[in-house]
Amino acid sequence: MTYTYENLPQPLQAWPFQHPNHPPVPHPAWPYMSQAPWAQDFEHEYRERDQPLTFVLIHGFWADTSFWSGVASELRKKGHTFYVPEYPRHGADPNKNVTHAMMTKSITDYVTSRNLKNIILVGHSFGGSLVQKVAEHIPDRLKRLVFMNAFVIKDGGSLADEFPPSMLAMF
């Protein structure tokens with residue numbers, strides 16, 4: 001459902017029956033706000049202590065680095081560092097005879113040549129399969145892996161295992 005100013009969810013209403021031995025429980029103005037104020041304070045302190053973060057953003061198969069423009073803009077506003085490598089067969093690279101291993105090596109080389117450490121490696125769609133393989137090559141440089149609507153391949157499996165036969169025929 002899309003929310004507009006006219007149909008915002010209403011705040012939680014107090015339970016109509018109060019227990020005689022307990023004071024009324026205050027409810028937040030916004031229904032999705034944490035009911036534990038100390039949890040929000042802790043999160044803020046954690047984020048302050050942990051910033052800035054370094055992200056490496058890996059796009060999907062039918063995209064290029066411009067896919068991350070909106071995300072990159074938000075990361076920049078929050079003071080984070082980000083890198084958006086273009087891997088072979090994408091962007092300006094005319095070479096279409098590229099393997100998954102070549103794409104993985106390209107991203108791995110990108111990270112190591114820039115001496116990036118403590119990175120959050122984010123993969124979208126097909127980029128998820130690349131993130132998995134890159135993580136195998138440089139685990140000591142990673143802080144987190146993020147799969148954003150991405151393929152996660154089973155151990156010993158391949159990307160082709162994730163598609164039904166009718167879709168494989170298209171490829």
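The model described here is predicted. Although Arg141 is buried, no salt bridge is formed by this residue. The nearest side chain of opposite charge belongs to Asp140, at 5.0 Å, whereas a salt bridge would require a distance within 4 Å.

Beyond residues up to four places away in sequence, Arg141 touches Val111, Thr112, Asn115, Leu116, Lys117, Asn118 and Ile119.

## Nonpolar cores

The largest nonpolar core comprises 20 residues, and those with the most contacts inside it are Val56, Ile58, Tyr87, Leu121 and Leu130. Two or more residues each are supplied by strand S1 (54-58), helix H3 (100-113), strand S3 (119-125) and H4. H4 provides the largest share, 4 residues.

With neighbours within four places in sequence left aside, Leu130 contacts Ile58, Tyr87, His100, Met103, Thr104 and Ile107. Another core, of 9 residues, lies apart from the largest one and includes Trp68, Phe82, Ile120 and Val122.

Buried in H3 are Met103, Thr104, Ile107, Thr108, Tyr110 and Val111. Viewed down the helix axis, these buried residues fall within an arc of 155 degrees and therefore line one face of H3.

The buried residues of H3 pack against S1, strand S2 (81-83), S3 and H4. On the face turned away from the buried side, H3 carries the exposed residues Ala101, Lys105 and Ser113.

Technical notes. Residues numbered from 1 in each chain as written. Predicted model: local features only at pLDDT ≥ 70, side-chain atom pairs only at ≥ 80, totals over all residues. Heavy atoms only, no water. Buried < 20%, exposed > 50% of the residue type's maximum accessible area, 1.4 Å probe, protein only. Lys, Arg positive; Asp, Glu negative; His and termini not counted. Contact = heavy atoms within 4.5 Å. Core = buried A, V, L, I, M, F, W, Y, C linked by side-chain atoms within 4.5 Å. Arc of directions from axis to C-beta.
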